Amino acid sequence: MEGFHVVGGERLQGETRVEGAKNAVLPILAAALLPEGDTVLSDCPDIRDVHAMAGILKKLGCVCGWNNGEMRVCNAGLRHWEMPDELSKQIRSSIFLLGPILGRLRRATVTYPGGCEIGLRPIDLHLKGLKALGVRIREDGGVICCDGRDMRAGDVYFDYPSVGATENVMMAAALLSGITTIHNAAREPEIEDLQRFINRMGGRIEGAGSHVIRVEGVKKLRGVDYTPIPDRIAAGTFLCAGAVTGGSVLVRNARFNDLIPVCDKLREMGCAVTEEGGAIRLTAPERLRAFSLLQTQPHPGFPTDMQAQMLAISCVAEGTSVIVENVFENRLSHVADLTRMGADIRVSGHTAVVRGVNSLSGMRMTARDLRGGAALVLAALCAKGESVVERAELVDRGYAHLESALSRLGANIERISLREA
Ligand code: EPZ
């Protein structure tokens, strides 16, 4: 097992650059099953979830090649429609493959991806969407068998704007003749990127970014080269690193419009946040001020994937901050270790009340999930003394070599090997 060893107290200064967004690349890799031809993704992040998804594509018969930020997918060998159990449990995003496999092969078998640290992660909306397209679904002891031989375009309504379920239906409908309309669709930037990718391949989708998405099925799609949108969550995490250390950072390849709620909160905390031609610059005050209330919502509300990071930096802000996690039922597990560092946090249900303290003390901690782990690293950067954040592999799922990027900004952080517990 590996961890991050951090000596807190360094002000972060300088520039960093974010790569393609994990949550755009994963559905786009699934959609790479749809065309007759190869897909080449550029600026692909070197993160565990991307390599895990490529591993699943290989098990389905594809050839995937990784070369320094470029991922090539050749799907000519796509034969299998059964998702390997051990892999679909390894990465929840495997559920995104249901749509494209059905789109190409009209059959699909997947095991329940199962929950994770932040919640039960049900897939009822995914299955509801596919059933609305005529997919016959039989569940048998955790295995979901989908028969799409009678699939047809149709109307889909989501009770909740689920990101993954929206993406699954977009991919399932892309090759279905007729018009499929998705109502109460998710509006995240990554949904718009998936639409852009499928349309680049010759698809006809419109409305992504709004609550209603219209898919006109086409007969076939062609393989393309594509560069996904930058990772807004990685960018927001680096901005928080600058904010919590009293530093000044420039994050290149960051789209300000994708981060408006986060930049708004950082400004409320006293940071100067400016857009500089495709980059975002943050200059922190001597001491952060508390924000009054942060509530996570589906886009364009405050992104749940930035909640842990903002909670961590509020621990040393002047005043009291209130954070409400509305999207996932168990996404406050980072509070325990922050409290051990000396933070003053009260949790009631999905609400955390954080009274800022003057400083945190370095501690040995354990990441419980991807963004919670990143939040503990942020806390360690500003803490007095040394910290160790165990289970770096959880953070590696969504951040490529986080310690290298932070070191280049002046942080005293290194990756260390730890004896298995
Ligand atoms: C995507 O997950 C992201 N993952 C998540 O990022 C992100 O937190 C989430 O969207 C919300 O923005 C990827 O894109 C790979 P949802 P997804 O379906 O699609 C409930 C990260 O840290 N729900 O919008 O799984 C669900 O339980 C990860 O990068 C159902 O009830 O999110 C949750 O409470 C974490 N039934 C809420 O909806 C369903 O069928 C939001 O889930 C599906 C979801």
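This is a predicted model: local features need pLDDT of at least 70, side-chain atom pairs count only at pLDDT 80 or more; totals for chains, interfaces and linings use all residues.
Me: Which residues does His299 contact, leaving aside its neighbours within four places in sequence?
Reply: His299 sits in the loop between S17 and helix H10 (307-314); helices (H or I, at least four residues) and strands (E, at least two) are DSSP runs numbered from the N terminus. Contact means heavy atoms within 4.5 Å. With neighbours within four places set aside, His299 is in contact with Arg187, Glu188, Pro189 and Arg232.

Me: Which residue is joined to His299 by a cis peptide bond?
Reply: The omega of this bond is about 10°. The cis bond joins His299 to Pro300.

Me: How far apart are the C-alpha atoms of Leu288 and Thr245?
Reply: Leu288 has its place in the loop between strand S16 (279-283) and strand S17 (293-295), and its 5% relative accessibility makes it buried. Beyond four places in sequence, Leu288 touches Ala243, Val244, Met269, Cys271, Ile313, Val316, Ala317 and Glu318. Thr245 is 43 residues from Leu288 along the chain, and the two C-alpha atoms are separated by 9.5 Å.

Me: What is the relative accessible area of Arg106?
Reply: Arg106 lies in the loop between helix H4 (98-105) and strand S6 (107-111). Its phi is near 65°, a positive value in a residue other than glycine. Arg106 counts as partly exposed, its relative accessible area being 23%.

Me: What is the phi of Asp43?
Reply: Asp43 belongs to the loop between strand S3 (39-41) and helix H2 (48-59). Although Asp43 is not a glycine, its phi is positive, at about 60°.

Me: How many residues of helix H12 are buried?
Reply: Helix H12 covers residues 370-382. It is mostly covered, and its buried residues number 13 of 13.

Me: How far apart are the C-alpha centres of domain 1 and domain 2?
Reply: Domain bounds come from an automatic or database domain assignment, which for this chain gives domain 1 (2-18 + 230-417) and domain 2 (22-226). The contact takes 27 residues from domain 1 and 19 residues from domain 2. The C-alpha centres of the two domains lie apart by 30 Å.

Me: Which residues of the lining are closest to the centre of the second largest pocket?
Reply: A pocket is an open set of points on a 1 Å grid over the protein atoms alone where a 1.4 Å probe fits, with protein on both sides within 12 Å along at least five of seven lines; lining residues have an atom within 4 Å of a point. The second largest pocket holds about 370 Å³ of space, the volume being that filled by probe spheres set on the points. Of its 23 lining residues, the closest to the centre are Arg17, Val18, Glu19, Ala400 and His401.

Me: Which helix gives the largest share of the lining of the second largest pocket?
Reply: Both domain 1 and domain 2 give residues to this lining, so the pocket lies between them. Strand S2 (13-17), helix H8 (232-244) and helix H14 (402-408) each supply at least two lining residues. The largest share, 4 residues, comes from H14.

How values were computed: Residues are numbered from 1 along each chain as its sequence is written. Side-chain values use heavy atoms; hydrogens and water are left out. Buried means under 20% relative accessible area, exposed over 50%, partly exposed in between (1.4 Å probe, protein chains only).
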